[in-house]
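I opened the notebook to log side-chain contacts.

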Amino acid sequence: MGFFSFLSQDIAIDLGTANTIIIHNDKIVVDEPSIVALDRRTDKLMAIGEKARQMHGKTHDNIYTIRPLRDGVIADFNAAEQMIRGMIKMINTNSRLFSPSLTMVVCIPSGSTEVEIRAVRDSSEHAGGREVYMIYEPMAAALGIGLDVEAPQGNMVVDIGGGTTEIAVISLGGIVTNKSIRIAGDDLTADIMEYMRRQHNIKVGERTAEEIKIHVGSALPELEEPPTDYIVQGPNQMTALPIEVPVSYQEISHCLEKSISKIETAILSALEQTPPELYADIVNNGIYLAGGGALLRGLDKRLTDKINIPFHIAENPLHAVARGTGIALKNRHRFSFLKR
């Protein structure tokens, strides 16, 4: 059997808008930003993941960086395929005469259309997948958090990723109600860029806005342990002279208000569609937050106060979906909710 395992490989891929995580043998072997740098003339792959992220916004005419996924779905087919292939190569560092045939489980947003699902499947097959299974993101998040998804009781998961926020009520190994909205980490970053331009007259790029969100991002204007102000440097819009602006978490909580309210509304609307028996379970068990957006300071408290149901943050929210995809890979013959 050892020889056959050499010929085939099982991997689980959490194909995210912001980060792509690959699990092999129950270990996270690749955790890289979902971004590639390509040569403009030949479309050859120059860099991938963290290396490409460092180039982002700093390239010259012959190189361009691209994020193949937008809003959780594949926006650039060629780049997505190169990215998946390049990341799979990172696992197989030792040179082989031929690449192994792959069995993959890939994560997709629960609001994906047939066309979007086909795009993910085709990209995975072109990158060497022989058997490709799909799992919906909230389902994977629930598995990764450690919930028993096949039990006859309702669990609600809110997965705030880079491109989409997935809200789902899960019971008996299926999704009962789900809501997938295209408001997530990327939109919060865009809000910060817009706010800095309007309020402080300073131009910031995507990477700087992301740093601001990580350092002083907050969902509440009053925090018990406030972070220190973050100093932003950049050109003044009017004069193009360099300026420095300290940014406080209160400002950021004010500028993210609109987007977070939309996420609140979506959670309420998903609860509205939930059958009453499951609703009772959710009130008792609480709602679970996963994804990078769950790390926003004060978000769990704000949602708990607003919706009157306790919110719990998964222990490692960034890797919850990937871990769940790994569990699905191991039990792929048992779980009936995986899509072929």
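I looked for linked charges and found Arg67, Arg70, Asp186 and Glu206 joined in a network of salt bridges (a side-chain nitrogen of Lys or Arg within 4 Å of a carboxyl oxygen of Asp or Glu). I work on a predicted model, where local features need pLDDT of at least 70, side-chain atom pairs count only at pLDDT 80 or more, and totals for chains, interfaces and linings use all residues. Residues are numbered from 1 along each chain as its sequence is written, and side-chain values use heavy atoms, with hydrogens and water left out.

I counted 18 salt bridges in the structure. Lys330 pairs with Asp26 at 3.3 Å, N to O. Lys330 is in helix α12 (residues 320-330) and Asp26 in the loop between β2 (19-24) and β3 (27-33), so this bridge ties together parts 304 residues apart in sequence. Helices (H or I, at least four residues) and strands (E, at least two) are DSSP runs, numbered from the N terminus.

I checked exposure next: buried is under 20% relative accessible area, exposed over 50%, partly exposed in between (1.4 Å probe, protein chains only). Lys330 and Asp26 are both exposed. Asp39 and Arg41 also form a salt bridge, at 3.7 Å, N to O. Here Asp39 is buried at 12%, while Arg41 is exposed at 64%.

I searched the whole structure for aromatic pairs and got one. The ring centres of Phe335 and Phe337 are 4.7 Å apart and the planes at 25°, so the pair is stacked (centres within 6.5 Å for rings of Phe, Tyr and Trp, its six-membered ring; planes under 30 degrees apart stacked, over 60 edge-to-face, the rest tilted). Both Phe335 and Phe337 are buried.
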